[in-house]
Amino acid sequence: MTETGLQPEAIDLDPPAVAPERDLFSKFDPLIAEREALLASGVRDPFAIVMDEVRSPTEAVIKGRETILLGTYNYMGMTFDPDVIAAGKEALEKFGSGTNGSRMLNGTFRDHVDAEEALKEFYGARHAMVFSTGYQANLGIISTIAGRGEYIILDADSHASIYDGCKMGDAEVVRFRHNSVEDLDKRLGRLPKEPGKLVVLEGVYSMLGDVAPLKEMVAVAKKHGAMVLSDEAHSMGFYGPNGRGVYEDQGLEADVDFIIGTFSKSVGTVGGFCVSNHPKFEVMRLACRPYIFTASLPPSVVATAATSIRKLMHAHNKRQHLWENARKLHGGLTAMGFKLGTAEPESAIIAVILDDQTQAVAMWQALLENGVYVNMARPPATPAGMFLLRCSLCAEHTTEQLNRVLALFGEAGRATGAIG
Amino acid sequence: MSDREQTFQTVKAQIEPFNKKGVNIVETTTFQGDLEWDSLTVMDFVAAIEDEFDIVITMNMQAEIETVGQLVDAVDRLRA
């Protein structure tokens, strides 16, 4: 052996293919095959849309075509609000483009604190904690507050971020049937009395746009001594006297212990949060890993969020117009014979239920080619294996835009056999 | 009939409405491999079992159960 010891082997520039049994990607073969079969049928890829220009909360240019946006979560149309944009520009110039650090160390700037102040004002709550995304807010809060030997009881149709929060933590996880008060009561009744319990609910369920019977569910949770978390991501700004969400609309402000929300829907930027009146809530900043071990939001983002949240407190006209739009679209689609996710317009999400993937993609493409973008949703994101075209409304959609949307839905529905 | 055999028979009866392929149910039958259940079917089935035996099978426990025999053992343990 020479002094230089072991020599690294020369890099093989033409390595042999990985043996199939060792290729970690083999498990994705069914997914790859399904996608290839879909694209081979000649349709456009529903999961590869690029907005080349965005002209307003309701209009974008996709492949050179002016398109009405009916599949974003820009419920209150705040993304182009002049005050919101001005706040973002000012923060960008004064504080720079990013924080380069964690909230816990060097990543808390003036506007992070101000966004938390704005949330406390909006929700009338004592504590507010801003996360880098809504996903991380659920991940962090759920995985941290329920520990080993304790229980999380969640609705079967919960969002992926709630399931992932359960998976990341050490608590025992129990599911109940979607929106079933009786099922929740039964399961809570079967659990041991002593351990702490967290019941996780959502105000609006985002796939079908249905609202939870929170009043009855919270009463059942309290009867069994559980704490309650409500994810109000899809309700902020337009339910309840102050726009706080479904829990406010159903008079539960004193009973829900934790509210989870997001900046990426009604607020119109990106980020997530939890608000609470729990006297010890601030300890979360020292214990919650998805809060600590990630970079904080850029100053411009939190500045736009703070401005937008304060404007949402007084956005009564927008709120009213959003509900008018939801009623118009729901009523028009129902009259044409489409099968919808809810019998009444319960939220700003109107889900059209279709027979299968072929029909859903064909309709989705027909709408897109005529200048209307909606979301296509399929299992496993959807409940009960449904294929959906999900429309989400914006307070800024005009009557003319919705008339055009309804006309195009009629044409595409008849062409694909979705309606008679 | 032993208690365990009785539990097995009850579980077997609960499987039937979900047994679309008409698989013969024995101790070693697997839910994913033999019955080819997807996650939604598993969820409905677990809820049915929980209500039948008045127990709770947490998602943590479900992750460990692959065969009918393992489920029968878990049910008996939870009822004890």
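Where in chain A is Leu105(A) found? Leu105(A) lies in the loop that links helix 2 (82–95) and helix 3 (110–123) of chain A. The model is predicted.

**Leu105(A)**

- Leu105(A) has 11 C-beta neighbours inside 10 Å, so it counts as exposed. The cut-off for exposed is 12 or fewer.
- Ser296(A) is 191 residues from Leu105(A) along the chain.

**Helix 12 and helix 14 of chain A**

- Helix 12 (residues 316–336) of chain A packs with helix 14 (residues 399–416) of chain A at an angle of about 25°. The two axes are 10 Å apart.
- Helix 12 of chain A is therefore roughly parallel to helix 14 of chain A, since angles under 35 degrees fall in that class.
- The crossing of helix 12 of chain A and helix 14 of chain A is right-handed.
- From helix 12 of chain A, the contact takes in Asn325(A), Lys328(A), Leu329(A), Gly332(A), Leu333(A) and Met336(A).
- From helix 14 of chain A come Leu402(A), Val405(A), Leu406(A), Phe409(A), Gly410(A) and Gly413(A).
- By class, this contact between helix 12 and helix 14 of chain A holds seven nonpolar, four polar and one charged residues.

**Fold of chain B**

- Chain B has four helices and zero strands. Along the sequence its pattern reads α-α-α-α.
- The radius of gyration of chain B is 12 Å, and the globule rule for 80 residues also gives 12 Å, so chain B is as compact as a globular protein of that length.
- The C-alpha trace of chain B spans about 30 × 30 × 20 Å along its principal axes.
- Of the 80 residues in chain B, 16% are buried.
- Take the contacts in chain B with a separation of 6 or more: 55% of them join residues 24 or more positions apart.

**Where chain B touches chain A**

- How many residues of chain B are in contact with chain A? The count is 10 residues of chain B, in contact with 12 residues of chain A.
- On the chain B side, helix 2 (39–53) and helix 3 (59–62) each supply at least two residues.
- Helix 2 of chain B gives the largest share of that side, with four residues.
- By class, the side of chain B that touches chain A has six nonpolar, three polar and one charged residues.

Definitions and conventions:
Residues numbered from 1 in each chain as written. Chains lettered and ligands numbered in written order. Predicted model: local features only at pLDDT ≥ 70, side-chain atom pairs only at ≥ 80, totals over all residues. Buried ≥ 20, exposed ≤ 12 C-beta atoms within 10 Å, placed from the backbone. Rg over C-alpha atoms; globule rule 2.2 N^0.38 Å. Contact = placed C-beta atoms within 7 Å. Axes fitted to C-alpha atoms, helices over the stretch in contact; angles between N-to-C directions. Parallel < 35°, antiparallel > 145°, perpendicular 65-115°, else oblique. Left-handed = near helix turned anticlockwise from the far one by under 90°. Nonpolar A, V, L, I, M, F, W, Y, C, P; charged D, E, K, R; others polar.
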